[in-house]
Amino acid sequence: MMPDATVTTNPMDASELSFDDFKTIVINDYKIAFESRQASLLGRKEVLTGKAKFGIFGDGKEIPQIAMAKAFKNGDWRSGYYRDQTFAFATGICTLKEFFAQLYANPSIEADPASAGRQMNCHFATRSINEDGSWKDLTQIKNCSSDIAPTGGQMARLVGLAYASKLFRQNKNLSYLKNFSVKGNEVAFGTIGNASTSEGVFFEAINAAGVLQIPMAISVWDDGYGISVPAKYQTTKEDISEILKGFQRDENAAGYEIYKVRGWDYPALCEIYQQAIDVCRTEHVPVLIHVTEVTQPQGHSTSGSHERYKDKARLDWEREYDCILQMRKWMIESAITNEEELAELEAIAKKFVRDTQKEAWNEFLATIKTEKELVVDLVSKLGKGNLTLLKMASQLAGTPDAMRKEVTSTARKALRLSLQNPSDERNNLLDWYHAQTPLNEDRYHSKLFTDGKESPFLVNMVAAIYSEESKMIDGRELLNACFDANFSRDERLVAFGEDLGAIGDVNQGFAGLQAKYGDLRITDTGIREMTIVGQGIGLALRGLKPIAEIQYLDYLLYALNILSDDLASLSYRTKAGQKAPLIIRTRGHRLEGVWHSGSPMSMILGSLRGLHICVPRNMTQAAGMYNTLFRSDEPALVIECLNGYRLKEKLPTNVGEYTVPLGEAEVIKEGTDITIVSYGATLRIVEEAAEELAQFDISVEIIDPQTLLPFDKQQICAASLQKTNKLLVVDEDVPGGGAAYILQQILEEQNGYYHLDAQPRTITAKAHRPPYGSDGDYFSKPSVDDVVEMVYQMMHDHNSTKFPAIF
């Protein structure tokens, strides 16, 4: 067998199979399981010998995963965790060679299609999109959403993957999306370890799926431990299916079907999975399969040994009830095969796995070896007469399995050491280094965003149009008109969140739209921020255009783990193999009190690289940003100004069509003395301050970046500084928060530092949240008085004669 050959499992219906067919399927299943175990054993050795950095494997779970794979069909989705390697092999989601390529972090999509070496081993993903960002036919492949390592994190998006099937089945207007669903018959398979069911996101997802009644099938691999911590410290009654019995459906109430099966019982596993998934697929009922008596022969990971925390009795039991050993025993006792046939199969499988591992390793080293040989030659020629350089070249040449790090570092050091001795040899090495820079940029830094043909930067820019009949209306009404126009235009759009449906959100942006478009498209949810976001990620992965509402910006903290770990990193960690064009809609700034006044921009900017961060100053700008995002395919967070919903704005005649470009700052007011950069609600404060400053003959230029990620791509801020030479940033985040980011962008990225003739300053909120009441807001966040006095002080420092001190 060729090392990259794929052997998958087959469904089993004993009533329609001859014994020979049955035998072939069973033996093939055993072969997949045995090869997977050998991959785990060999993978651990590769880590311990230093070829790989770290390893975590699926040994002990092989047989239940074979049974699960039999029920997994084209069009179905997996949202699992890092123990599912046998399932990946059995479904063809991953080959053995790809498994080892990922273990070695091979930065090639061809070698590791799941992540191009960006994720550690056993983090699987299928490629849902083509190189240009267009969708593949997802109904014709077995789909795997990209794994993340945070425990339980996969549960949030699982809700959305399953919910999409409900929408595709019940919303007949989506039937034209034939590449995404076949009448909603797809099941979303989730897997999780027993200890991770203690996570809040697990219970949130379980409850959400029960409420929504969606085809979500959760398998819990229960080996009795969470690393070293036994179940008695993890789970009430030490049994997750026992404590979830209240979710079991009956004739009076919808709920779950819950199953329990032992992880070493191959026939029972096959039967249970067929039964459970049939119910899930046909009836759209969520199911939970609790797989008990699972073992973990090598312990949690390569970082330690389970002999440290398991007693002899437990270790003896695990050896006896190893699922592969039990299947082997059952096959012989059932006369399906015999010892001799199995011994031959096992010997061939061991050799196949070993040969595959060697090929993956050699392919990984091949390109590095070429680079290494060239650098050795270049440094050797550069080092004639220089013992230090010759020693470096010799040391690199003598490193048999040198990584790209050693090769590149040697070149860089050689260039530093030869700085005072220009030569053709040095130029040759320098040319090589410059040629490698874009290659390594692509290998290790590319595709934070999809950058495909539906990029927001390729959306046609359309200006807002006004007529004599354009009315002045509340900002909330303008947003409502924008959403109405777009929901009428694009059936893929769906919106959901707390209080979004029946009442049209707490600020009425969706007022009346559920009645118009139905509760499948505009939907209320429970109070469950993590799975609101996860619901959006899953829907977006399946080709829909979701808007997930987080009621207030403060509440984003409850979903930050899902936003940061999953959504923000999705394009990067798959090297644009998957995309989720989810829009997170929320509102914040300038409200009074501790819990509804948040502007945690530094938190957002630090944790959500991979999302566009939109901070519109009013609802006209917000609607234009939504129009851009609705026509593109990259995720974004839109933060509306909470105190702007009832302010009057003029309604454009093309409210559903005009667009606002992302990353383009706008000069709100031209001036000559000082540049003030601000965004969102504080812009109105700055504008008011500018009117008073004009009375002191101070001319203020005001710039609104409009989006913080990306920030001012055309460098409008730096251009302004060339004129004013003074910079003030006004921001509602904590000191050193969002304002510090803006300063870094202007002073460092745009080289604005060279245009200054005064110290750049910031006005921010205090380090604490505002106390309740108008006085709390005034004394805790930037005010007009603060801006006027700070600008005046900066002008005083520049010209104390013209601007004498106020205080």
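Student: Where is Glu-293 placed?
Tutor: The model under discussion is predicted. Glu-293 has a phi near 55°, a positive value in a residue other than glycine. At 32% relative accessibility, Glu-293 counts as partly exposed. Its place is in the loop between strand S8 (287–292) and helix H9 (312–320).

Student: Is Ala-116 buried or exposed?
Tutor: Ala-116 also has a positive phi, about 55°, although it is not a glycine. Ala-116 belongs to the loop between H4 and strand S2 (143–144). Its relative accessible area is 1%, and the limit for a buried residue is under 20%, so Ala-116 is buried.

Student: What is the peptide bond from Leu-709 to Pro-710, cis or trans?
Tutor: Most peptide bonds are trans. Pro-710 is found in the loop between strand S20 (707–709) and helix H23 (716–724). The bond that joins Leu-709 to Pro-710 has an omega near -5°, and it is cis.

Student: Which helices do the buried residues of H4 pack against?
Tutor: Helix H4 covers residues 96–103, and eight of its eight residues are buried, so H4 is largely enclosed by the rest of the structure. The buried residues include Phe-99, Phe-100 and Leu-103, together with the charged-class residues Lys-97 and Glu-98. Their packing partners are helix H1 (19–48), helix H3 (85–91) and helix H11 (339–382).

Student: Which residue just after H4 takes a positive phi?
Tutor: Most residues other than glycine have a negative phi. Just after H4, a phi of about 60° is found at Ala-105.

Student: How are the C-alpha atoms of Ala-90 and Thr-9 separated?
Tutor: Ala-90 lies in helix H3, and at 2% relative accessibility it counts as buried. Leaving aside neighbours within four places in sequence, Ala-90 is in contact with Val-7, Thr-8, Thr-9, Ile-32, Ile-66 and Ala-69. Ala-90 and Thr-9 are 81 residues apart along the chain, yet the separation of their C-alpha atoms is 5.2 Å.

Student: How are H5 and H6 oriented, roughly parallel or roughly antiparallel?
Tutor: The axes of helix H5 (residues 154–170) and helix H6 (residues 200–212) come within 9 Å and cross at roughly 10°. Angles under 35 degrees count as roughly parallel. Therefore H5 and H6 are roughly parallel.

Student: Which residues does Ile-206 touch, not counting residues up to four places away in sequence?
Tutor: Ile-206 lies in helix H6. With a relative accessible area of 1%, Ile-206 is buried. The residues that Ile-206 touches, beyond four places away in sequence, are Ile-218, Leu-244, Phe-247, Tyr-256 and Leu-288.

Student: What radius of gyration does the protein chain have?
Tutor: The secondary structure of the chain comes to 26 helices and 22 strands, and buried residues make up 60% of the 807 residues. For 807 residues, a compact globule would have a radius of gyration near 28 Å. The value for the protein chain agrees with this: 30 Å.

Terms used: Residues numbered from 1 in each chain as written. Predicted model: local features only at pLDDT ≥ 70, side-chain atom pairs only at ≥ 80, totals over all residues. Heavy atoms only, no water. Axes fitted to C-alpha atoms, helices over the stretch in contact; angles between N-to-C directions. Helix = DSSP H or I, 4+ residues; strand = E, 2+ residues; numbered from the N terminus. Parallel < 35°, antiparallel > 145°, perpendicular 65-115°, else oblique. Rg over C-alpha atoms; globule rule 2.2 N^0.38 Å. Buried < 20%, exposed > 50% of the residue type's maximum accessible area, 1.4 Å probe, protein only. Contact = heavy atoms within 4.5 Å.
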